[in-house]
Amino acid sequence: MDFPVIESHSKIPPKFYGFHTFAEPGCPISLTGAFRDNICRFLQECASLEDYDLARMPIWRTFLVYECRGTVIPLYTVEEKVEDSDRPFCDYCRSVGWSHHFVSKRKYHLIIPANEEWDDPIDEGVFDLQTHLLHGLIHCNGFGHLICINGIEGGSKFICGREIMDLWDRICMTLSVRKQMLRAIIVRVDNDFAVESAEFIEFTRLWQVTVEDLSKKHKMELRLLHGVSYGHSWFGKWGYRFCHGSFGVKEHNYESAINLLCSLELDRVIQEFSCVKACFDLQQMIQYYRNMGGNNLVTVRDLFRFMFTVKSTTPTTRYSTTVASWPERKKVTVTTHIRRCSSKFPTKLALTTSSFRKEKPIKCRKFSNVAAKMDSRWPVRRLEHVAEVIAEALKEKRAAKNTGSSGMTRQEARDAARLHIGDTGLIDHVLKAMNNVIVGDHIVSRSVNRSTKVLEYKIQDLKCDDEKLFCPSKIEKPVWTCCLGPGRSVYNDIAYLYKNVLLGYPGCEAVESAAQIILHSKHFVKEFPFRDDDAESLMFICILILSSVDLKANLSYEFTAMEHVDVPLYATVGDLKMAVEDAFRDTYCVLERLQVTDILELEEVEDEEVLFGVVQSGMELHVKGCGSDMESSFRYEGGTESWTVRCKCGARDDDGERMVACDICEEWQHTHCCGIGEAETVPRLFVCEACCTSLVTMHRPCGSTNDYESCEGSFVEESFA
């Protein structure tokens, strides 16, 4: 069969693979090594190197054929070398608790662009677009992040979200992406090496990919709705499970909340709603579906599961056709909204079933409102100052324009801002948010230059006629319909139960708290088991133990460097040491000069002795090494910033929620926990409860009997004394 070939920018003839079979076991190749080796072989044998690059980053393309349509879909792989990147640190790692991981040398972006971009070369700004059908990022050490998925209603012409998720899952399995899940390690100094003085703590051999689930369906939070119905999020279909929650939520809190809501008995629900206005409608609805499903509907979970399988009996309406049978629908759509911030790029995937609408006029927001919602570790006033500097640079470029474009590329805007601001991370953070924003009396927007195919920032004057474009930042509130009678619309019935039972349960704080805990559980991970399938080689899990000289002041820091190393069957101990050195040197920036001095499990074995028969393949080996560059700026994924999270909810690390820093102690806390609403602007000056209390104590006169109001989460607009 002849396929319509997308224009290739490679001199090598393209290879074609089936979309639904690609990356299945043995198709197109079998990969048994570590990810850093598998990705190189994958690109060499299954992809074509393009004859152009992206800011010195090489690009490969793989052609996938959507069989039933005969359409060719491009899968791009972009290799981003950290030392040459303007964003060397991974904000996705920060938001999922991997800040302490060593910076890996390379990051691989796997991208399927939107349909209309399949024939176009990818250009600057591709990593920030939210329109890709698929965007996944995998570090060369195997840690991965699912960033963006868009199904039918998200822009895909014919590929649904489930199919894209299946493809991503197969790719991860084939390439052996991973996350090393570690139990807590307390590092002690034993002679010259930081090791456990008693016994080594066991490493759970899991490979994982992260995702932040903020999926919605008809304005209902799907992680709550799907969690109550099936005990897991929508991504749980592919094995994604709880990683960590926001606002101090732990896994046992999440599981308890799920169990509590799932086990709510319908008879108890009817009884406890007896004094509520909606009692009759609720009782009638439950009885209606019980009559349809027999007496098997006992709990809330049973009811929701059954409703998901019921087809609407009403004529075609706005809602009845879209929720006919949710679990059986083929066209599940996943769209993405990503908040950008200095310490995290939380991945927000949202499920929708709304139909296509006419494109609405672009609306602009004041940058001050945008900055207030950026979950930034920088004060809002600093973000506004950077935006003003960039706007001035754009105005100067426009005024000085003679020929060509009056816009500025991202790099040009970055360089212009650096003349006034030294923090490049702050500049990058602001640039990501500057699109259709109002700065002063101007509108700053960005778009791809049709001539150069490069993303450019442009500025235009804000005129009176443009006021209709202004859209103040606000939170969209769901509009609920009343019960129209059970069975007329499955969507209305589910929405009615969601609002009244899951979110508005009367007089029961436990149910309300359980629902909030589930809504605060957004980070999920997929586990991939360790594989040792190659009978022609030996594979080991090598755990690096650095000398105390290398660690210096970081002796108490959790250390997680671990790599998979494979050697031929008849390799010697010396060969294994060299392979371990090569693996760590090739993976991490700080270990470029690593020297392996010993392997604890093989201390009594000579370097010339053959490994086969001495150690078993798949074992964990603890490797002593020295020569790491712990002073490197590319040390930890958390970057070089020094910050502390200490919130009253119990959070001690970045969890992806909006935070504010106290201007005295500089500790970060959730705005929600401090009483600052999501729609409210973060105050220019903020004093936390602890510091406010200490200030009150210091300034209270001796013997004073004055009563002071609570200082919890105090805001000071200009100054405080």
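Visitor: Where is Pro 28 found?

Guide: Pro 28 is found in the loop between β1 (16–18) and α1. Helices here are DSSP runs of H or I with at least four residues, strands are runs of E with at least two, and both are numbered from the N terminus. The peptide bond leading from Cys 27 into Pro 28 is cis, with omega near 5°.

Visitor: Before we go on, what kind of model is this?

Guide: This is a predicted model: local features need pLDDT of at least 70, side-chain atom pairs count only at pLDDT 80 or more, and totals for chains, interfaces and linings use all residues. Residues are numbered from 1 along each chain as its sequence is written, and side-chain values use heavy atoms, with hydrogens and water left out.

Visitor: OK, backbone again. What is phi of Ala 55 near?

Guide: Phi of Ala 55 is near 50°, a positive value in a residue other than glycine. Arg 56 has a positive phi too, about 70°, and is not a glycine either. Most residues other than glycine have a negative phi, and most peptide bonds are trans.

Visitor: Where does Ala 55 lie, and does Ala 55 count as buried or exposed?

Guide: Ala 55 lies in the loop between β2 (48–54) and β3 (57–66), and Arg 56 lies in the loop between β2 and β3 as well. Ala 55 counts as exposed at 59% relative accessibility, and Arg 56 counts as exposed at 63%. The cut-offs are under 20% relative accessible area for buried, over 50% for exposed and partly exposed in between, with a 1.4 Å probe and protein chains only.

Visitor: Switching to rings: how many aromatic pairs does a search of the whole structure find?

Guide: The search finds 22 aromatic pairs. Rings of Phe, Tyr and Trp (its six-membered ring) pair if their centres lie within 6.5 Å; planes under 30 degrees apart count as stacked, over 60 as edge-to-face and the rest as tilted. One of the pairs is Phe 35 with Tyr 108, edge-to-face at 6.1 Å centre to centre and 75° between the planes. The pair links distant parts of the chain, with Phe 35 in helix α1 (residues 35–46) and Tyr 108 in strand β5 (residues 106–112), 73 residues apart. Both Phe 35 and Tyr 108 are buried.

Visitor: And why is the pair of Trp 118 and Phe 158 edge-to-face?

Guide: The ring centres of Trp 118 and Phe 158 are 6.3 Å apart and the planes are at 80°, so the pair is edge-to-face. Both Trp 118 and Phe 158 are buried. Ring pairs also link Phe 19, Tyr 66, Trp 118 and Phe 158 into a cluster.

Visitor: Helices next. At roughly what angle do the axes of α4 and α5 cross?

Guide: The axes of α4 (residues 222–230) and α5 (residues 251–262) cross at roughly 65° and come within 8 Å. That makes α4 roughly perpendicular to α5, a label for angles of 65 to 115 degrees.

Visitor: Which residues meet there?

Guide: Leu 224, Gly 227 and Val 228 in α4 meet Ile 258, Leu 261 and Cys 262 in α5. By class, that contact has 5 nonpolar, 1 polar and no charged residues.

Visitor: Last one: what does Glu 581 touch?

Guide: Not counting residues up to four places away in sequence, Glu 581 touches Leu 594, Gln 595 and Val 596, where contact means heavy atoms within 4.5 Å. Glu 581 is in helix α16 (residues 573–587) and counts as buried at 17% relative accessibility.

Methods: Axes are lines fitted to C-alpha atoms, for helices over the stretch in contact, and angles run from 0 to 180 degrees between N-to-C directions. Angles under 35 degrees count as roughly parallel, over 145 as roughly antiparallel, 65 to 115 as roughly perpendicular and the rest as oblique. Ala, Val, Leu, Ile, Met, Phe, Trp, Tyr, Cys and Pro count as nonpolar, Asp, Glu, Lys and Arg as charged, and the others, Gly among them, as polar.
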